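Dear colleague,

Please find below the structure that I am handing over to you. My findings follow directly after it.

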Amino acid sequence: MSSEPKSVNDANMPPLVSMRGIDKIFFGSYANKGVDFNLKRGEVHALLGENGAGKTTLMNVLSGIYAPDAGTISIDGRDVSFRSPRDAIASGIGMVHQHFMLIPALSVWENMLLGMGGIPFVMKKHEIVARIKELSKRYALSVDPEAYVWTLSIGEQQRVEILKMLYRGTKVLILDEPTSVLTPQETRDFFVTLRVMTEAGHGVILISHKIDEILSISDRLSILRKGEHIGTVNASGVTRETVAEMMVGRVLRPIKRPDSERHGPTILSCARLSARNDRGALSLSGVSFDLAASEILGVAGVVGNGQGELCEVLTGLRSLDSGEITLKGDNVSLCTPREFIRRGVSYIPVDRKGMGLVPNMNLKENAALKRYWKKPASVKKIFLDWEYIAGLTGELVARYAIQADSLASPVRVLSGGNIQKLMLARELSEAPSVILAMHPVWGLDVGAAEFVHERILEERERGAGIMLISEDLDELMELSDRIIVMSRGKIMGTVRRPRDATKEEIGLMMAGESMEATR
Amino acid sequence: MTKWRLEPRASSSIFFSAAITSASLCAALVAGGVLMTLMKVNPLVSYSEILRGALGSGYGFSETLVKAIPITLTGLACLFSFKMMIWNIGAEGQLVMGALASAAVVRYFYFDSHVAMFILMFAASAISGGVWGAIPGFLKGRWAVNEIIATLMLNYIALYTMDFMLYGAWKDPMSMGFPMTAPFPDSARLWRFGNTRVHAGIVIAVIVSFLAWIVMRWTQWGFEIRVIGESQRAARYFGMSIMRNILLVMFVSGAIAGICGFGEVAGLQGRLSRGFAVGYGFTGVIVAWLARLNPLAVPLVAFLMGILLVGGDTLQVVMALPLSSVQMIQGMILFSILGGELFSKYRLRRVGAAGRSDVPTEGAV
């Protein structure tokens, strides 16, 4: 679906953005090393790379957040040197971050004024609203300018962010992982907007790791690996496999999922679970499902549709409004988190550093966190046997090939992959009967993600019941025995044969359409 | 255009933090010296007077120890709650409650036995200080009431309760109108070293420091306290009870402060009198920080603090400085030391067009 260079691109015109030989060094190591990048008018240019490849760093340099240690940037053929993000905004560069920079308590039109270099003393609301309406019509970005941001869905908030950039007169729009918060259908609408923008002569840079999506929308791709520019190719001329190989530097192993259909007995059974989120709104309503031993149950859904609350309810961290949880025949609806841990429910939360591990504590302390109250780590229910814990940690570190200088170094200095391995090692080391894995490969490089997937499949073979929560449909369809789809705290339907289903079907359910796909 | 900006340090070595501490100590002495010069006294002479007064004689040394006892205990009281990131600044009130309970035992449950009185007074002061600490703990655990405000306000309730008793029912008829109780009988006094004012509280302080170290380093409970201090969210995920730990820690914190009150009235004063605490509860906050929340460092820091206090008294007498100016100098020195702590966690970088430096944001590299 890639297109030829459009009329807005004259061969003699300088590129919209040209970055040459960009170096950026953090604590003595290169986050970017001699990176060249250029963006033409009217193109969607994807920046691909694994986590830690330097994509975001490069774009932070372009948007004035970081100053490069070497290299030059020119916009429209003129050399520029940004002292702050404000300079970059003035040159027409706008970045939409993964985490939106909106003030929830303000309305859409008020948010437009933020970051514009001084808010006028008298805000001419009518003019602003009229301009927003005009922009949203031209770029197919429907948003109510008067609405408060906190009332908007994530997809709508993203539109507000893009409108904010257009309102400022942005010529170059940088989008960091924009589709991770969208349903497949919303993603399609979003791509339409991107096309309107490029036809108007804007340039769009997409940061992503989802190769399929990128190939369908981009004109050109630039691939980074370990801070270096590997190459720039036309999207029409490459296959998924070549791009993946450029990203990772080797051929990918496909996931070897055993095709066995054997399931054990039902191990976890949820009946009409309802619960509220921290703000008191109903975020789970009437959720019922069963999980069998040796089964991977995928949970699909856009982030924030009750998946987090479901995990918390199933680990005792959040109390139920109503409903019943049965674990191996016992009613555990009122159990404490400690009781869930005792009964073999393991939880791999998405927030590794804020919840799953204690970053300022060392490897031994972190390894002990789920068993420090039990023999043999605990002596007489009072003291801790640090010698035993050190031995245990050493074993886990060896078995999971965790790279760390010493068992006494704080966990925060480990890389993302090693952090996840350590948490996995702790959570899986006691043969849990139920495993709740929330975005277990989020932010990991391909090698580490493969490792995590293999471990999850091993646990399935061993006989654990696994709930896999992910926003990546490819991952879910590849690994799951069944998929349930959540939207606004409800289960919209079950996909019984994930490998025969289409993303369209699942996408409709993610958007809130109830259906029972039975294929 | 250049600006200065604070940035978090990637790491700091032991050597480095020792260097920072000595540098800020020097800065503190210089700052105090400037103040002394402005008051027209010679800083070098003054500093040597402080050291001579606090350490130069047997009497001075024993007086420094006398001051270090209560400061060690209130420092440990604060340390327990600070480890869990609970900001108990009510050690002053908890100390007063402990002292009140000790005096009540002497008044209403007196036995003519050293052992019985020690046990009774020790237990009563620990329990009443503990309960005084557990009240804000409960409020925090149950309704998330800000513990800083609650503990601070409870200080005043405790202090005025003491006033109420000292001006009323418990006032010694022989005191010629001064707000104090009658002297405690001998069996209600703590044992003292020779003819100094150093009392058995010093043994209690050392034991409590050591116990606190064991708890934090070697026990399940200390482990829970440290994890909760790092992240309550994580602690809940690991199955720790936040409510139980807040209550327990605030009780223990208050109990240590209460025992400190017992030591002061039974060891030092020999009666309950108004103003016996002179802000030890607040000094404890500073001591806990300066000791970097290390229980074994608390007695050492408390001893240094004792030098400053006793030396300050000497300064008043020898250099004829008014009390308030001595306290200004003390404040100046403490301020510089605490300010220096900033540089062990952050560094100053010049920010400008030429020499910009960036710190990677989460997940940016």
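This is a predicted model, and for chain B the mean pLDDT is 88, with 91% of the residues of that chain at 70 or more. Within chain B, helix α4 (residues 91-108) has the highest mean pLDDT of the elements, 97, whereas strand β2 (residues 346-352) has the lowest, 63. Two stretches of chain B call for caution. Residues 352-357 of chain B have pLDDT below 50, and this stretch makes 9 contacts beyond near neighbours in sequence. Residues 360-365 of chain B are also below 50, with 11 such contacts in the model. The scores for the model are ipTM 0.84 and pTM 0.81.

B:I256, setting aside neighbours within four places in sequence, contacts B:L73, B:L76, B:A77, B:F80 and B:V208.

The 28 residues of α10(B) should span 40 Å at 1.5 Å a residue, and the end C-alpha atoms are 39 Å apart, which agrees. Of these 28 residues, 22 are buried, so the helix is mostly covered. Just after α10(B), B:G270 adopts a positive phi of about 75°.

As to the domains, chain A is divided into domain 1 (17-248), domain 2 (258-344 + 432-519) and domain 3 (353-429). The centres of domain 2 and domain 3 of chain A, taken over C-alpha atoms, are 26 Å apart. Their contact involves 9 residues from domain 2 of chain A and 7 residues from domain 3 of chain A. On the domain 2 side, helix α15 (residues 446-462) of chain A provides the largest share, 4 residues.

Helix α6 (residues 184-199) of chain A has 16 residues and reaches 23 Å from its first C-alpha to its last, close to the expected 22 Å. Its buried residues are A:E186, A:T187, A:F190, A:L194, A:M197 and A:T198. Seen down the axis of α6(A), the buried residues fall within an arc of 120°, and they therefore line one face of the helix. They pack against β3 (44-48), α5 (154-167), β7 (172-176), β8 (203-208) and α7 (211-217) of chain A.

Finally, some backbone details. Most residues other than glycine have a negative phi, and most peptide bonds are trans. A cis peptide bond, with omega about -5°, joins A:K375 and A:P376; A:P376 is in the loop between α12 (363-368) and β17 (378-379) of chain A. A:K381, which is not a glycine, has a positive phi of about 65°. A:K381 counts as exposed because it has 10 C-beta neighbours inside 10 Å. B:V278, also not a glycine, has a positive phi of about 35° and is found in the loop between α10 and α11 (280-290) of chain B.

Yours sincerely

Notes:
Residues numbered from 1 in each chain as written. Chains lettered and ligands numbered in written order. Predicted model: local features only at pLDDT ≥ 70, side-chain atom pairs only at ≥ 80, totals over all residues. pLDDT = per-residue confidence, 0-100. Helix = DSSP H or I, 4+ residues; strand = E, 2+ residues; numbered from the N terminus. Expected span 1.5 Å × (residues − 1). Buried ≥ 20, exposed ≤ 12 C-beta atoms within 10 Å, placed from the backbone. Arc of directions from axis to C-beta. Domains from an automatic or database assignment.
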